[in-house]
Amino acid sequence: MRLAGTGRALMDFIFDWSRVRPQPMILDWQASPSAIDFYEALGFHPDRVGDFPEYPGFTLVHRSGSEEPAAQHVPRQ
């Protein structure tokens with residue numbers, strides 16, 4: 001069921017969880033072509049370098065002691 005807010009709620013949970021961890025947190029994943037627009041809408045930028053550019057990578061970086069995520073993620077509005 002798309003557009004129900006479930007994906008955004010799950011990603012918000014992941015952002016919050018990674019932000020409060022005492023160690024630096026780097027999450028990296030590949031997305032299916034149908035999910036690219038979703039991650040871009042959250043403020044992520046696809047990395048299409050690699051063997052399968054149609055399945056780009058996305059990254060979330062949180063450094064310990066900082067509330068500022070890396071540029072790949074735009075904070076919730």
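Analyst: By class, the lining of the largest pocket has six nonpolar, four polar and three charged residues. Ala, Val, Leu, Ile, Met, Phe, Trp, Tyr, Cys and Pro count as nonpolar, Asp, Glu, Lys and Arg as charged, and the others, Gly among them, as polar. This is a predicted model, in which local features need pLDDT of at least 70 and side-chain atom pairs count only at pLDDT 80 or more, while totals for chains, interfaces and linings use all residues. Residues are numbered from 1 along each chain as its sequence is written, and side-chain values use heavy atoms, with hydrogens and water left out.

User: How is a pocket found, and what volume does the largest pocket have?

Analyst: Rolling a probe the size of a water molecule over the atoms shows where empty space is left. A pocket is an open set of points on a 1 Å grid over the protein atoms alone, where a 1.4 Å probe fits, with protein on both sides within 12 Å along at least five of seven lines; lining residues have an atom within 4 Å of a point. The volume is the space filled by probe spheres set on the points, which are joined across faces, edges and corners. Here the largest pocket has a volume of about 330 Å³. It is lined by 13 residues, and those closest to its centre are R2, L3, A4, G7 and F38. Helices α1 (6–20) and α2 each supply at least two residues of this lining.

User: In what order do the elements of the chain run?

Analyst: From the N terminus on, the order is α-β-α-β, with two helices and two strands in the chain. Helices (H or I, at least four residues) and strands (E, at least two) are DSSP runs, numbered from the N terminus.

User: Which residues of α1 are buried?

Analyst: An α-helix has 3.6 residues a turn, so residues three or four places apart point the same way. In α1 the buried residues (under 20% relative accessible area; exposed is over 50%, partly exposed in between, with a 1.4 Å probe and protein chains only) are M11, D12, F15, S18 and R19. Seen down the axis of α1, they fall within an arc of 135° (taken from the directions from the helix axis to the C-beta atoms), so they line one face of the helix. The face turned away from that buried side carries the exposed residues T6, L10, F13 and V20. V20 counts as exposed because its relative accessibility is 67%.

User: How are aromatic rings compared, and how many aromatic pairs are there?

Analyst: A pair of aromatic rings is described by the distance of the centres and the angle of the planes. Rings of Phe, Tyr and Trp (its six-membered ring) pair if their centres lie within 6.5 Å; planes under 30 degrees apart count as stacked, over 60 as edge-to-face and the rest as tilted. The count in this structure is eight aromatic pairs. One of them, Y39 with F58, is tilted, at 5.1 Å centre to centre and 40° between the planes. This pair links distant parts of the chain, 19 residues apart: Y39 in helix α2 (residues 36–41) and F58 in strand β2 (residues 57–62).
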